[in-house]
Amino acid sequence: MHRFFVDPDLLKGMEHVTLPEKLAHQVRDVLHLGVGEQLTLLDNSGGEVLAEVAKSGRAGVEVRLLERHAGRPESPVRVILCQGLLKSARFEWILEKGTELGVSTFAPILCRRSMAGLEDAGPAKIQRWQRIIQEAAEQCGRSRLPALAPIRPLMHALNDIPPGALALIPWEEEHATSLREALTAFAEPGDPSAGQPASPLTVILFIGPEGGLMAEEVKLAQRHGVRPVSLGPRILRAETAALAAVASVMYQLEQLSHTD
Ligand code: SAM
């Protein structure tokens, strides 16, 4: 079933709605959905609306809203990915794959070794990033869109760590604690040294840019309660490190925190 996020106002009230031009083109000219064929419309509330094509022509596409139901619930593990800003293609790859893996917030950060000029990502680039997130969410079956925070310096993100969150900074020079050990300690209830995990489980990950993190940035993060962790003996490219860390968090915590 084709799924599309639309402006929430479009799904308020009326039984028949006319699709916005861009979506109408997609439905009529790209997917060739004809009268009677169904699609799912999403308003980012977590709910889903089943609809069917009622009219389709050069003048536009009209659909009939059939029923509303709850969408697939979001992961009980809230992952905030503070990613050192990378060259666009690599960053866009993280947005797409991170959305599939369940990231709830993408927070691009500027680090000392971030490449110059990345910070002035204009409105067109931000719109493109949001479209990549939206298309990945439509494709992977999410009914809520991950948030995309504004680009900001590492320091600002460190001052914004949610209380009770597990804050981790994968660092290529960390050899004492692995990501698995940090997650196990966090997930094991009753382990006083790890403190009680807040619910929903929130994990905030700080990943360095192409040039890596500087020792003083890691020290600064530690002063904000962030734990350095290793992702293993090999030096991973930034985008690999980001997705490996997110997948590991979901693998280790998502099952644990399912309440049903
Ligand atoms: N120069 C390479 C690049 O162009 O992508 C590597 C950059 S650097 C290593 C990227 C970031 O990935 C690091 O700052 C760190 O956050 C993370 N990272 C990579 N390998 C890691 C490892 N083995 N353990 C922990 N973090 C790692």
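Predicted model: local features only at pLDDT ≥ 70, side-chain atom pairs only at ≥ 80, totals over all residues.
Which of the 20 residues around the ligand come nearest?

**View 1. Residues around the ligand.** Pro170, Glu210, Leu231, Gly232 and Arg234 come nearest among the 20 residues around the ligand. A polar backbone atom of proline 170 lies 2.7 Å from an oxygen atom of the ligand, while a backbone N or O atom of glutamate 210 is 2.9 Å from a nitrogen atom of the ligand. Tryptophan 171 also takes part through its backbone, with a polar atom 3.2 Å from a nitrogen atom of the ligand.

**View 2. Packing of helix α2 with helix α7.** Helix α2 (residues 88-101) packs with helix α7 (residues 238-254) at an angle of about 10°, and their axes are 10 Å apart. Because angles under 35 degrees count as roughly parallel, α2 and α7 are described as roughly parallel to each other. The contact includes Trp93, Ile94 and Leu101 of α2 together with Leu243, Val246 and Met250 of α7; by class, it has 9 nonpolar, 1 polar and 3 charged residues.

**View 3. Crossing of helix α2 with helix α3.** The axes of α2 and helix α3 (residues 123-140) come within 8 Å and cross at roughly 30°, which makes α2 roughly parallel to α3. The crossing in which α2 passes α3 is right-handed. Among the residues that meet here are Phe91, Glu92, Leu95 and Glu96 in α2 and Lys125, Arg128, Trp129 and Ile132 in α3, and the contact by class has 8 nonpolar, 3 polar and 5 charged residues.

Notes. Residues numbered from 1 in each chain as written. Heavy atoms only, no water. Axes fitted to C-alpha atoms, helices over the stretch in contact; angles between N-to-C directions. Helix = DSSP H or I, 4+ residues; strand = E, 2+ residues; numbered from the N terminus. Parallel < 35°, antiparallel > 145°, perpendicular 65-115°, else oblique. Contact = heavy atoms within 4.5 Å. Nonpolar A, V, L, I, M, F, W, Y, C, P; charged D, E, K, R; others polar. Left-handed = near helix turned anticlockwise from the far one by under 90°. Near = heavy atom within 4 Å. Polar contact = N/O pair within 3.5 Å; in protein donor to acceptor, adjacent residues only side chain to side chain.
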